[in-house]
Amino acid sequence: MNLILFDTAVRNHLLPFTHTRPVADIRCGILTMRERWELYLQRASSTASVPVLQAAFPVHYNETENLYINAAVFATPALGIVISNLKPGQALVQDETIIAIYTDAALDYEALNAASLKDYEPVLCSEPFQQLQQVWDIFNLNDYAIRSDFAILTYQKESQPIPAHVTLIGEAKNVFIEEGAIVSACILNAQTGPVYIAKEAEIMEGCMLRGPLALSTHAVVKMGAKIYGATTIGAGSKVGGEISNVVFFDNSNKGHDGFVGNAVIGEWCNLGADTNASNLKNNYDEVSIWSEAEGAMIKTGLQFCGLLMGDHSKCGINTMFNTGTVVGVSSNIYGGDFPDKYVPSFSWGGKNDMTTYRFDKALDTANRMMARRGKTLSDAEIAVLQHIFDHKENYIKQ
């Protein structure tokens with residue numbers, strides 16, 4: 001089978017993170033949604049997403065066998081078995097969710113989202129599963145995802161020894177250290193959940209870490225950091241200060257003191273020293289956030305919800321964010337007052353002097369940061385950012 005992970009209209013409720021990536025490349029748990037499906041099905045995948053993303057994330061079709069899987073659904077062993085047993089012309093469904101379609105047809109985003117079950121033989125799925133439906137699910141389901149990923153990634157594998165200078169609370173079986181990881185004198189609490197430390201990751205001295213925790217390849221936890229689960233630090237990201245239930249995508253920095261909790265930080269972001277982001281309202285009320293899909297504030301049903309920051313956004317030292325603040329892509333925020341709870345993509349400035357971040361200047365900043373890790377924006381990625389810049393007003397209520 002040729003594996004294709006497809007986006008649905010759910011992607012609109014996962015903005016600002018799906019401005020720059022398909023749902024398949026959202027990290028939740030130790031793995032991304034794509035990595036998890038590829039692991040369970042033992043094959044590489046491509047993506048069927050909206051046209052603006054297809055050049056950066058091309059789709060590859062097979063003339064005879066294409067297996068389409070809903071990228072918002074978390075892979076599980078049981079789902080993997082059921083999907084592997086699908087026959088051509090069948091679709092796996094549960095309630096109103098199409099989980100998978102097996103066909104020889106080359107289906108794009110529009111065709112997949114217009115798919116009718118009358119076109120396929122429905123196979124009813126009785127297996128329970130989780131799926132991303134709202135942007136806050138990325139941190140809200142991170143506990144579930146880390147525990148599930150830990151079980152499959154460590155199955156019949158042996159961890160590197162826990163160094164003698166590490167203080168362990170809980171059982172050693174709940175800590176897995178890949179070869180090449182550096183773990184200095186720190187406290188690991190594995191009673192509260194598993195701790196996974198990937199190859200070439202580093203935990204500096206004096207850190208206090210509580211599971212569930214996932215530290216990805218080349219990620220760094222700086223001296224004296226205090227991290228509560230369920231937290232994921234993406235590949236190449238560097239973090240310090242106090243963090244609680246946060247998902248950092250790859251190559252982002254929160255290198256200094258300050259608090260971030262119940263949050264999602266996109267790729268290539270930088271939080272200045274002593275940045276603090278509230279995750280709880282003073283009156284303990286339900287948190288509402290700005291929905292770019294609906295162009296309005298919506299209720300989350302959560303008492304704890306912090307900062308949601310899109311790719312390539314930055315903030316200066318001592319920046320303060322209100323509870324449930326949403327920041328778009330490529331914004332540069334500074335100033336002494338709280339910025340608005342919604343900062344549109346390509347914004348520049350503070351609460352009282354916010355203006356548009358010039359596109360050429362934004363690209364220059366992005367490339368400067370990426371160059372520190374030996375990378376640069378591709379033409380396809382620049383085209384995606386140009387589209388976001390040109391259509392940023394569509395996500396603001398008129």
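Is Phe-389 buried or exposed? I looked it up: Phe-389 has 19% relative accessibility, so it counts as buried. The cut-offs I used are under 20% relative accessible area for buried, over 50% for exposed and partly exposed in between, with a 1.4 Å probe and protein chains only.

**Ground rules**

I am working on a predicted model, so local features need pLDDT of at least 70, side-chain atom pairs count only at pLDDT 80 or more, and totals for chains, interfaces and linings use all residues. I number residues from 1 along each chain as its sequence is written, and side-chain values use heavy atoms, with hydrogens and water left out.

**Rings**

Next I went through the aromatic rings. A pair of them is described by the distance of the centres and the angle of the planes. I count rings of Phe, Tyr and Trp (its six-membered ring) as a pair if their centres lie within 6.5 Å; planes under 30 degrees apart are stacked, over 60 edge-to-face, and the rest tilted. My search of the whole structure gave 10 aromatic pairs.

One of them is Phe-176 with Tyr-196, a stacked pair with 5.6 Å between centres and 10 degrees between planes. Phe-176 sits in strand β8 and Tyr-196 in strand β11 (residues 195-197), so this pair ties together parts that are 20 residues apart in sequence. My helices (H or I, at least four residues) and strands (E, at least two) are DSSP runs, numbered from the N terminus. Phe-176 is buried at 8% relative accessible area, and Tyr-196 is buried too, at 5%. I also noted that Phe-150, Phe-176 and Tyr-196 make up one aromatic cluster.

Then I came back to Phe-389. It pairs edge-to-face with Phe-346, at 5.1 Å centre to centre and 90 degrees between the planes. Phe-346 is in the loop between β31 (342-343) and β32 (347-349), while Phe-389 is in helix α8, so the pair links distant parts of the chain, 43 residues apart. Phe-346 counts as buried, with 1% relative accessibility. Lys-392 lies over the face of Phe-389, 4.0 Å from the ring centre. For that I need NZ of Lys or CZ of Arg within 6 Å of the ring centre and within 35 degrees of the ring normal.

**Pockets and a cavity**

I worked on a 1 Å grid over the protein atoms alone. A cavity is a set of points where a 1.4 Å probe fits but cannot get out; a pocket is an open set with protein on both sides within 12 Å along at least five of seven lines; lining residues have an atom within 4 Å of a point. Grid points are joined across faces, edges and corners, and a volume is the space filled by probe spheres set on the points.

What is the volume of the largest pocket? I found about 460 Å³. It is lined by 20 residues, with Thr-20, Arg-21, Phe-57, Glu-267 and Glu-381 closest to its centre. Helix α8 (residues 379-390) turns up again here, giving the most to this lining with 3 residues. By class I get 8 nonpolar, 4 polar and 8 charged residues. My classes put Ala, Val, Leu, Ile, Met, Phe, Trp, Tyr, Cys and Pro as nonpolar, Asp, Glu, Lys and Arg as charged, and the others, Gly among them, as polar.

The second largest pocket has about 380 Å³. Tyr-196 shows up again, among the residues closest to its centre, in a lining of 22. That lining divides into 11 nonpolar, 3 polar and 8 charged residues.

I counted 1 cavity of 30 Å³ or more, and the largest cavity holds about 80 Å³. Of its 14 lining residues, His-13, Leu-15, Val-135, Trp-290 and Ser-291 lie nearest the centre. Strand β24 (residues 288-291) provides the largest share of the lining, 3 residues.

**Cysteines**

How many disulfides are there? I found 0. My cut-off is a pair of cysteine sulfur atoms within 2.5 Å. The sulfur of Cys-269 is 8.9 Å from the closest cysteine sulfur, in Cys-315, which is too far for a bond. For Cys-305 the closest cysteine sulfur is in Cys-28, 14 Å away, also too far for a bond. Cys-269 is buried at 0% relative accessible area, and Cys-305 is buried at 0% as well.
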